Amino acid sequence: MPGNGLPKRAAAVAIPALAFAGLAWLLGAEREWEIVTILVGFLAVLVVLDRTQPGRAVAAACRAERSVANATAVIATLVVLWTFREEHFALLMVATVALSATACVGLNIQMAFGGIANFAAAAFFTLGAYTAAVLTGHTALPHLLVLAAGGAVTSVLGLVLLLPVLRTRGHYVALVTIAFGLLLRNLLEVNDTFGGPQGMKIPAFAPFGFDFGTITSIAGIEVSFYLPYALAAAALFGMAFLAARCLELSWIGIAIDAVRTDPIAASTFGLSPARWKATAFLIGNAMIGVAGALYGMMNGFVNPNGAGFGESLTLISIVVLGGLGNLWGTVAASAVVLALPEKLQPIQEYRLLIFAAVVIAILRFRPGGLLPRPLRVLGSRDGVEA
Amino acid sequence: MTAPLLACSGLTMRFGGLVALDGLDIAVERGTTIGLVGPNGSGKTTFFNVLTGLYRPSAGAAALADEDIFAKSPQAIGRAGVARTFQHCRLMLDQSVFDNIALGALRHRHLGLAAQFFRRRRLREEIDALVDQVRQLANRFNPAIATALFEPAGSFTMIDRRRIEICRALIANPRLLLLDEPSAGMTPEETRRLMDDLLEFRRESPDLAVILVEHEMDVIRRVSNRCIVLNFGRKIFEGSFEALIEDRDVQTAYLGSGH
């Protein structure tokens, strides 16, 4: 270990803790000046981390001590959830952000790693919810398996898109997926089997017999019934995060990056572009489907509106804004895209304006997104300069 | 004498009306280095693209160790032991040097999903072993590359990128190595050093067959056992370097008639 191990670790604890503290403040803030202060604070911290020498050193320390930073994030999440244990709206927001981030981890695997521009992400997300609706309505399948089935069905239906996706490139992939999204949405709308435009009801998530819809207290302490959902959503994000990291830091991670950047060179060296693009696409879809299934159970219903093109664009903008290929970026960008407009309610008529200005500013000054994708460093770190 | 490693007969490649390769018969034995020369547009790179399966030839046959090459996909040809570099560098510039070189070794690795998710310790050992191997290999070509394996490949100069490409081809442990103008854009001194490295590598793997496309006659003289000259897709000469510089057809092809 280098001599400056301790300060590095301190930085890896401080930065995520600070970020989560800021998010928590934002979550509870109601007055305009608070919200604006937090936003300015976030931007200031970003500028310092990005543009100054000590700032860059701190950011590098966070990357080097990744496991410390991640552990801090887990603890911070639990603390935030417990602080807001009675606030329905804040917890709903946390759960929504976590589930959208989970779906965006899947979308990241497809877009940033596999190079497949999936403009039907919300359609697949909704498909997960419909799967949950059908399975909970017609079978007695345990709910954890229902979640898994949401991912499996979404993945299998994604196979329909696989052939056209593998045979086209760039904008054409986007067109194919846009067409699929429209098709699915219209099908759900006109077909009465799945409830038509009204959609379907979904019972509350109840793993191992704990019905999330009826929980009002944990160990005698009163809590919102959204608390278990927020916890489950955060756990789901954690699992998706872990799986995506394992994938990125493996031979398959190199293979998927290689077929994206240069399919010709990759195939010369024995990799099949079709195989690895399909792998990225199907794994990504499974994550999107699972997130959608839990989201449907939390909302209690699903309708075709969620499968719209606008919703897919929102998910894509989260991935791009967060930084293509950065997994924590999905959380930061989900908070900006989903939670910030809600928080700006008090300044009603200006809220979309401020939101748009923030997005444009981020993409102007940080084209790589809020948190750009870090370079993959495989193997033990000896011989690598910090 | 055993059959040659690579045997091409009547290899022909037409693009519409253009005949890029015209009935090529080329045999390459194990352990030899062939210098492939010819004016621009004479079909050298097309020959490589056909051998690696990127183009399907219009006619003719090619066998690698008695196995039909053209029955295979590009991936399968790669796995059968053909590795190459490209005339214009094809690296993942945003990825680390290690990722780029490791790409060459992937065909010898377990790529099952379960192996990546559930055997993390074994995977980590494999990765560490490859890091050592890559570091040793890169160290031969340029120690500066070996100490910066986890820098993006795009941060290196053209010469180092070419070295990285050659390392990527060598780490694949090929039976047939195709080098497409490795010295392009290098100074004579850099070229000389690159050739030293290659010759040394050559000595350690005596069975490796190499086809080298090159314009620098000095390079050809130093490293090749035999020379082949292409012109308009046809083989117009095959023999030693000494015979090559005396050959009238070759002089005509390069300098035009009247010399």
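This is a predicted model: local features need pLDDT of at least 70, side-chain atom pairs count only at pLDDT 80 or more; totals for chains, interfaces and linings use all residues.
Residues are numbered from 1 along each chain as its sequence is written, and chains are lettered from A and ligands numbered from 1 in the order in which they are written. In this model 29 residues of chain B are in contact with 27 residues of chain A, where contact means that the C-beta atoms of two residues, placed from the backbone, lie within 7 Å. The largest nonpolar core has 188 residues.

**Nonpolar cores**

- A nonpolar core is a set of buried Ala, Val, Leu, Ile, Met, Phe, Trp, Tyr and Cys residues joined through C-beta atoms within 7 Å; a residue is buried if 20 or more other C-beta atoms lie within 10 Å of its own, exposed if 12 or fewer, and partly exposed in between, with C-beta atoms placed from the backbone.
- In the largest core, of 188 residues, those with the most contacts inside the core are A230(A), A233(A) and L294(A).
- Helix α5 (residues 88-113) of chain A gives the most to this core, namely 17 residues; helices (H or I, at least four residues) and strands (E, at least two) are DSSP runs numbered from the N terminus.
- The core also draws at least three residues from each of domain 1 (1-81 + 175-259) and domain 2 (94-173) of chain B.
- Not counting residues up to four places away in sequence, L294(A) touches L99(A), L147(A), F205(A), A232(A), A233(A) and L236(A).
- Another core, of seven residues, lies apart from the largest one and includes V58(A), C62(A), A69(A) and A73(A).

**Where chain B meets chain A**

- On the side of chain B that touches chain A, the elements giving two or more residues are α2, α3, α4 (113-118) and α5 (120-141) of chain B, and α3(B) gives the most, with five residues.
- By class, this side of chain B has 15 nonpolar, seven polar and seven charged residues; Ala, Val, Leu, Ile, Met, Phe, Trp, Tyr, Cys and Pro count as nonpolar, Asp, Glu, Lys and Arg as charged, and the others, Gly among them, as polar.
- The axes of helix α10 (residues 251-261) of chain A and helix α3 (residues 97-105) of chain B come within 10 Å and cross at roughly 95°; axes are lines fitted to C-alpha atoms, for helices over the stretch in contact, and angles run from 0 to 180 degrees between N-to-C directions.
- These two helices, α10(A) and α3(B), are therefore roughly perpendicular to each other, on a scale where angles under 35 degrees count as roughly parallel, over 145 as roughly antiparallel, 65 to 115 as roughly perpendicular and the rest as oblique.
- In this helix pair, I254(A), D257(A) and A258(A) of α10(A) meet D99(B), A102(B) and L103(B) of α3(B), and the residues of the contact divide into four nonpolar, no polar and two charged.
- S250(A), in the loop between α9 (226-248) and α10 of chain A, is buried, with 25 other C-beta atoms within 10 Å.
- Leaving aside neighbours within four places in sequence, S250(A) is in contact with Q116(B) and L123(B).

**Domains of chain B**

- Chain B is assigned domain 1 (1-81 + 175-259) and domain 2 (94-173), with bounds that come from an automatic or database domain assignment.
- The C-alpha centres of the two domains of chain B lie 27 Å apart, and nine residues of domain 1 are in contact with nine residues of domain 2.
- On the side of domain 1 of chain B that touches domain 2, α2 (74-79) and α8 (188-204) of chain B are the elements that give two or more residues, and the largest share, three residues, comes from α8(B).

**Individual residues**

- F355(A) is found in helix α15 (residues 351-365) of chain A and counts as partly exposed, with 16 C-beta neighbours inside 10 Å.
- Leaving aside neighbours within four places in sequence, F355(A) is in contact with L340(A), P341(A) and L344(A).
- D66(B), in the loop between β4 (59-64) and β5 (67-68) of chain B, has a phi near 70°, a positive value in a residue other than glycine, and counts as exposed, with 9 C-beta neighbours inside 10 Å.
- F232(B), in the loop between β9 (226-231) and β10 (234-239) of chain B, has a phi near 50°, a positive value in a residue other than glycine, and is partly exposed, with 16 other C-beta atoms within 10 Å.
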